[in-house]
Amino acid sequence: MAVDDLATRVAPHEREAVDPTPGLTRERAFASDVMWAGYASTEPHVTSGWHHHGEHETAIYVVSGTLRIECGPGGAHVVEGGPGDFVRVPPGTIHREINPAGVGNELVVVRAGSGPPTVNVEGPAPG
């Protein structure tokens, strides 16, 4: 049995800072040809840059703080989550993440798909 066929663990200090988007910190724990998993956070009162995750479908678990996602034409569609909530972002959805609260947020992120996991863009189509 190959080592890659066994369970593994990644401690917080072993996560790798990757896929920069202004205003958002991402740390990769695991990545393969079909899956990406890691940690993300946004400081208080910060709005990230616009981006999408290509062919990846994304599930976000809000560990702490508040997460607001703006997407759709003109960014007019808003989804907000708090501790214990899951937020889904479909493949190719141009969005930005906002932390409207006075404390940072912590998120666990899992993506299923292939290709680049993050593509930064200028913004969504006008509303």
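1. Aromatic pairing. The count of aromatic pairs in this predicted model comes to one, where rings of Phe, Tyr and Trp (its six-membered ring) are taken to pair if their centres lie within 6.5 Å, with planes under 30 degrees apart counted as stacked, over 60 as edge-to-face and the rest as tilted. The ring centres of Tyr61 and Phe86 are 5.0 Å apart and their planes stand at 55 degrees, so the pair is tilted. Distant parts of the chain are linked by this pair, since Tyr61 belongs to strand β6 and Phe86 to strand β9, 25 residues apart. Helices (H or I, at least four residues) and strands (E, at least two) are DSSP runs, numbered from the N terminus.

2. Basis of the values. The model is predicted: local features need pLDDT of at least 70, side-chain atom pairs count only at pLDDT 80 or more, and totals for chains, interfaces and linings use all residues. Residues are numbered from 1 along each chain as its sequence is written, and side-chain values use heavy atoms, with hydrogens and water left out.

3. Tyr61 is partly exposed because its relative accessible area is 31%, whereas Phe86 counts as exposed at 64%. The classes are buried under 20% relative accessible area, exposed over 50% and partly exposed in between (1.4 Å probe, protein chains only).

4. Sheet architecture. Six strands form an open sheet in the order β1-β2-β3-β11-β6-β9, with antiparallel pairing. Strands β1 (16-17) and β9 stand at the edges with a single partner strand each, so one side of each has no neighbour in the sheet. Two strands pair if DSSP finds at least two bridges between them.

5. Partners of β6. Seven bridges connect β6 (residues 57-64) with the antiparallel strand β11 (residues 105-112); there, Glu57 has Ala112 as its bridge partner. Four bridges, also antiparallel, join β6 to β9 (residues 86-89). In β9, Arg88 is opposite Ala59, and Val87 is opposite Ile60.

6. Charges over rings. Arg15 lies over the face of Tyr39, at 4.4 Å from the ring centre, and Arg111 over that of Trp36, at 4.6 Å. The criterion requires NZ of Lys or CZ of Arg within 6 Å of the ring centre and within 35 degrees of the ring normal.

7. Backbone points to inspect. Most residues other than glycine have a negative phi. Asp19, which is not a glycine, has a positive phi of about 45 degrees and is found in the loop between β1 and β2 (25-31). His45 has a positive phi near 60 degrees, and its place is in the loop between β3 (35-42) and β4 (46-47). His45 is exposed, with a relative accessible area of 59%.
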